[in-house]
Amino acid sequence: MSNLIQNEMMKLLAKKRLLIIGVIVAVLIILFTYAQYKQAEEQREKLGTDDWRTAVQQQIIDIQNRLSSSRMLDEWREQLQVTVKQQQYYLDHNINPSEPGAATFTRMFIENASSLFIPLLVMIVASDLVSSESSQGTIKLLLTRPVLRWKILMSKYITLLLSISIIVAMTGVLAYALSGVVFGYHGWNAPIITGFTVEAGNVDTSGVRLISQWQLLLMDFGLVWYIAVVVGTLAFMLSVLIRSTPAGMGIMLAALISGAILNNMVSSWESAKYFFMVNLQLTNYLSGVAPPIEGMTLLSSVLILFVWWLAALIVSFIVFIRKDVY
Amino acid sequence: MMSNVTLEVNSVRKTIRKREIIKDINFTVRKGEVFGFLGPNGAGKTTTIRMLVGLIKPTAGSIRICGYDVKKDYKKAMQHLGCIVENPELYPFLSGWNNLLHFARMLPNVGEERMMEVVKLVGLEQRIHDTVKTYSLGMRQRLGIAQAMLNRPKLLILDEPTNGLDPAGIREMRQFIRMLAEEEGMSVLVSSHLLSEIQLLCDRVAIITKGEIVKVGTVSDLLSVQERMSWRVEPIELGKEVLRSLTEVMETEDGYVLTSFDEEETPKWNKALVKHGVKILEMNRRLPTLEDLFLELTDGGGAGIE
Ligand SMILES: Nc1ncnc2c1ncn2[C@@H]1O[C@H](COP(=O)(O)OP(=O)(O)OP(=O)(O)O)[C@@H](O)[C@H]1O
Ligand SMILES: [Mg+2]
């Protein structure tokens, strides 16, 4: 088995996939760092102070203005009200919600990247792991060796898991290393509030706990890894089922993007919560953003994703072992 | 004798989407022989080979390689097999050497030494560390064979191995395959739609058309039946009359007269023609075309020349 994994790694490295992903991540982080820096600068100019309390207060006022002046969807209104309440909570307890520093940047980046950006990167690897062998014709050599088919697929799946781990770790390391140049390498121990729960537009603060930023980061990364594994496995299944890599990628891309869109408009369509793509914003549960559909919890989302993962894995193996290779 | 048989195909059938593509195929390949698999496009050669190497599952029947059933004893059967199905598709982004390494890692007890050996065997020493992208078709074909030889197979299966090679390449490939059979004692199964190729290369041949094997035999047996003599004579009517009095005669559209070929008789016919004042412009020993052979085999013999 380790021989087979070595083979897969050799091919992956020769195709320079991980390198390309690394470059994409680095470029994006540099862009975000710059944007963040600009924003902070602008705020400082506008408010004339460095004090975060003034900034948070200003944010609350801004949001309240928007709430009172414009017509907007009820869902949006609720979401904004929740944000106001959370900000107020931070203010009341004298805790800076966005303590400057590379650790905070990393956390925000990974939270924002969890439901679309990281899954897209994972897709780059997962989508052609099997289908590229079919379209190149090398599958014929692979499957005429004295090695059982499930072992070959398993070696590919393990390679996928390794790549996902590398991608997630790389994103974390690059985010910290690059943003630290601007924001400074600190912030690990900044206190963070987690455990807000949202029900019918009300923020329930009874479960709120104070934790260090590194603890939250660890949880965030765990969840992001989990999301990446689920999405990667689905893309992997498509790559077994569909011979053409672009077709598989297209389907996966459509699913992910429709997830991002659905998240904003499915609140009244309850059964939509069984779609995997609506459940990808796991990190939102930690920071207390209202879920897209009433009644969704961290646990329910994790379970739904687990079912999708398991089904995809089973389908992949059964089809791969049984299929006739032309 | 069992131990002499490297490939045994028993009543194999394959139905794809209700279409019967292979209908009850039986044949065996013996140790040290080059076995030809001859048939026109779409006859089912590639489909059969895919079943032999385990890529697709037969709807019915059994296949044994060196006595091991491909379905039940997959690993053992594959250990004795080397193959190229259709084109030698390798990883274009890896070097030739890394391609070999890739497949060597999938085999038990194949180390660098053996890799070196096969590289020498196919004569790729100079270019083995270049990426396969930069190889010519002939070089890819050779690398494909090197890859198939890694595990010292007892049975080598090559699907149209000379496809796309130039005449020199074809000759080289032919000599190489004969060498494998004669010196290394390997069995080689070669498919082709070219009779001339099979004729020069193989000891025995199975002729397949529309998913059925219509004949299995030694190459010389198959061909001798169908060998002919073609004559271009003037005047043609008189020539035909003279020949007809001696043997059976056919005429082709382009003005050739065909008779059977017989080393003893032909000189006598020649003499008779000359005696009757017929000018012989051309006389050729003509090998049957694949078409003739198929007509003969499937329609139960059209012209009836013995
Ligand atoms: N995947 C498939 N689905 C349906 N029919 C198929 C499939 N593969 C092959 N066939 C059919 O099976 C028949 C035999 O095809 P095969 O490729 O085995 O022919 P062949 O003898 O190798 O021909 P060639 O000399 O052109 O390579 C053809 O009629 C083809 O249309
Ligand atoms: Mg073919």
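**Notes on a predicted two-chain model with a ligand**

1. Start at ligand 1. Around it stand 14 residues, and those that come nearest are B:Gly42, B:Gly44, B:Lys45, B:Thr46 and B:Thr47. Bear in mind that this is a predicted model. Does the site belong to one chain or is it shared between chains? It is shared, because residues from chains A and B surround ligand 1.

2. Next, look at what the shell is made of. Sorted by class, the residues around ligand 1 are five nonpolar, five polar and four charged. Two elements of chain B, strand S2 (19-30) and helix H1 (45-52), each supply at least two residues of this shell. Which element gives the most? That is H1(B), with three residues.

3. Now the polar contacts of the ligand. A polar side-chain atom of B:Thr46 sits 2.6 Å from an oxygen atom of ligand 1. B:Gly42 uses its backbone instead: a polar atom there is 2.8 Å from a ligand oxygen. B:Arg19 takes part through its side chain, where an N or O atom is 3.3 Å from an oxygen atom of ligand 1. How much of the ligand does the protein cover? On its own, ligand 1 has 640 Å² of accessible area, and the protein covers 70% of that.

4. Turn to chain A. An unreviewed UniProt entry lists residues 18-37, 157-178, 223-242, 249-269 and 298-321 of chain A as "transmembrane region". Check two of these spans against the model. Residues 157-178 of chain A are 100% helix and 0% strand, with end C-alpha atoms 31 Å apart. Residues 223-242 of chain A are 95% helix and 0% strand, and here the end C-alpha atoms are 28 Å apart.

5. Aromatic rings deserve a look. Over all chains, the structure holds 13 aromatic pairs. One of them is A:Tyr176 with A:Trp188, a tilted pair with 5.0 Å from centre to centre and 45° between the planes. Its partners are 12 residues apart and link distant parts of the chain. A:Tyr176 is in helix H9 (residues 149-183) of chain A, while A:Trp188 is in the loop between H9 and strand S1 (191-194) of chain A. There is also an aromatic cluster, formed by A:Phe32, A:Phe105, A:Phe109, A:Phe117 and A:Phe183.

6. A:Trp188 comes to 37%, so it counts as partly exposed.

7. A:Tyr176 has another neighbour to note. Its backbone nitrogen lies 3.5 Å from a polar atom of the A:Thr106 side chain. A:Thr106 belongs to helix H5 (residues 102-113) of chain A. A:Thr106 is buried, at 4% relative accessible area.

8. Chain B as a whole comes next. It has 306 residues, and 50% of them count as buried. Its secondary structure comes to 11 helices and 14 strands. The C-alpha trace spans about 75 × 45 × 35 Å along its principal axes.

9. Most residues other than glycine have a negative phi, and most peptide bonds are trans. B:Arg17 is not a glycine, yet has a positive phi of about 45°. B:Arg17 lies in the loop between strand S1 (5-16) and S2 of chain B. It is exposed, at 77% relative accessibility. B:Lys210, also not a glycine, has a positive phi of about 50°. Where is B:Lys210? It is in the loop between strand S9 (204-209) and strand S10 (212-218) of chain B. B:Lys210 is exposed, with 65% relative accessible area.

10. One peptide bond also needs a mention. B:Glu234 and B:Pro235 are joined by a cis peptide bond, with omega about -5°. B:Pro235 is in the loop between strand S11 (228-234) and helix H9 (236-244) of chain B.

11. Last, a loop residue. B:Lys71 is in the loop between strand S5 (68-69) and helix H2 (74-79) of chain B. Its relative accessible area is 65%, so B:Lys71 counts as exposed.

How values were computed
Residues are numbered from 1 along each chain as its sequence is written. Chains are lettered from A and ligands numbered from 1 in the order in which they are written. This is a predicted model: local features need pLDDT of at least 70, side-chain atom pairs count only at pLDDT 80 or more; totals for chains, interfaces and linings use all residues. Side-chain values use heavy atoms; hydrogens and water are left out. UniProt positions are given in the numbering used here, feature names are shortened, and annotations may be inferred rather than shown by experiment. Helices (H or I, at least four residues) and strands (E, at least two) are DSSP runs, numbered from the N terminus. A residue is near a molecule or strand if one of its heavy atoms lies within 4 Å of it. A polar contact is a pair of N or O atoms within 3.5 Å; within protein, one must be able to donate a hydrogen and the other to accept it, and residues adjacent in sequence count only if both atoms are side-chain atoms. Accessible areas come from the Shrake-Rupley method with a 1.4 Å probe; for residues, only the protein chains shown count as cover. Ala, Val, Leu, Ile, Met, Phe, Trp, Tyr, Cys and Pro count as nonpolar, Asp, Glu, Lys and Arg as charged, and the others, Gly among them, as polar. Rings of Phe, Tyr and Trp (its six-membered ring) pair if their centres lie within 6.5 Å; planes under 30 degrees apart count as stacked, over 60 as edge-to-face and the rest as tilted. Buried means under 20% relative accessible area, exposed over 50%, partly exposed in between (1.4 Å probe, protein chains only).
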